[in-house]
Amino acid sequence: MKGKKIIVGISGGIASYKSAQLVRLFVQADVLTRVAMTQNATRFITPLTFEALSGNRVIHDMFDREGTSIEHISWGQEADLIIIAPATANIIAKMANGIADDFLSTMVIAATAKILICPSMNNRMFMNPALKHNLSLLKERGMTVMEPGEGELACHTEGPGRLPEPADIFEQALILLTEQDLKGLNILVTAGPTAEPIDPVRYITNRSSGKMGYALARAARRRGASVTLVSGPTSLKPPFGVKFRSVKTTEDMMRSVFDNRPDTDIIIKAAAVSDYRPRESASRKIKKKSDSLSLELIKNPDILAQLGSTKKDFPCLLVGFAAETEDLLANAREKLRTKNLDMIVANDISRNDAGFETDTNVVKLIYVDGKVEDLPLMTKDEVADLIIDRLKSLKENNNT
Ligand code: PMT
């Protein structure tokens, strides 16, 4: 994203206050962000807010010129992406019909940048056939239109028409700005812990936050893959644009993984799966009667090992993680071999800047030919992107 140039075009809707958050997200990602507003938008939120957030001049008046540059032409040609958020019925109609009667609509009509439209309006306006027709015209012309959210609207009605969440608009923008080099690939990622019930209120679980697996799902989706994320219980929001399958126990996870396995090209098992579960889960809360309590644990199925042992029936790249506190390389190599994997990510969880819960990770990538790639400390997003790079190369080599 660094070095990219975007324009956020704001038209006059109540959701324009959410565009402040959107601009902030781009600025935080080091994206050069400019804002263009319609005159109506300035009645909902001031240009000063966006000038402060973006650090750049905001244009809302066609004749408010700086120097001799023709900004309604140059802005849309210099940008990589224009995001209209919120896009009212009026700006959508103007764009569909080539009307250019203010700075925003004139800049858009002359633009060579990609355009992302984020509609936001009353639900009846959104259902109007003229609006639907205008949106389909814009899609036909190659613009991307995000579906509005559903729920209670500012006008106290219910239905479709809410501006998509700024984080989701940001993610959609990233997809549009990223090379779609994984298009056509189906990738399944598992993430988070599993939780094995003891009784209706207690369970056995582990410290996995899901951050590593969610980062992998996000990275693959951004690069154009169709991604299914099977996740144990975490506090994370499912990444935008992935098929999300929520599971609790190891057996749930195994069912979901096997259900989604056909047609999958790559399976990445970042989840921290419980190796054992209580033999019985009490149907009522266990009472505090004695000084000690024994739980009998039985072994859970090993999902990854079962995927590996049946790989010839469902050919795909199989990637495991090995979370180890000691003998990292030896233990990871053993898992790579016994589970019939194509690559294993050895995760040293003895460090406090790697493994569970952290935003960073330190891993080694181990391949079937014995090669080991030792990676430095990186954010989990960076690790994810690098793993996806390596899997893309493995996939290309497998197919040649
Ligand atoms: O979620 P975070 O807080 O970001 O933390 C990330 C992580 C530390 C959980 C992740 O990077 C990681 O290392 N995940 C694997 C943890 C683990 O369970 O490792 P393992 O060595 O026990 O298992 C080896 C592999 O077999 C793993 O791919 C695991 O998903 C799989 N497995 C294990 C047991 C089992 N019954 N079924 C499995 O499929």
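Author: Strand E14 (residues 266–269) and strand E17 (residues 317–324) pair in the parallel sense over four bridges. The model is predicted, so local features need pLDDT of at least 70 and side-chain atom pairs count only at pLDDT 80 or more, while totals for chains, interfaces and linings use all residues. Residues are numbered from 1 along each chain as its sequence is written, and side-chain values use heavy atoms, without hydrogens and water.

Reader: Why are E14 and E17 called paired?

Author: Two strands (DSSP runs of E, at least two residues, numbered from the N terminus) pair if DSSP finds at least two bridges between them. E14 and E17 have four bridges, and therefore count as a pair. In E17, Val-319 is the bridge partner of Ile-268.

Reader: What makes E13 and E21 edge strands?

Author: The open sheet has eight strands in the order E13-E12-E9-E14-E17-E18-E20-E21, with mixed pairing. Strands E13 (243–246) and E21 (372–374) each have a single partner strand, so one side of each lacks a neighbour in the sheet.

Reader: How many cavities of 30 Å³ or more does the search find, and what makes a space a cavity?

Author: One is found in the whole structure. On a 1 Å grid over the protein atoms alone, a cavity is a set of points where a 1.4 Å probe fits but cannot get out.

Reader: Which strand gives the most to the lining of the largest cavity?

Author: Strand E1 does, with three residues. Lining residues have an atom within 4 Å of a point, and among them are Trp-75 and Glu-78.

Key: 1 Å grid on protein atoms, 1.4 Å probe; cavity = no way out; pocket = protein on both sides within 12 Å on 5 of 7 lines; lining within 4 Å. Points joined across faces, edges and corners; volume = space filled by probe spheres on them.
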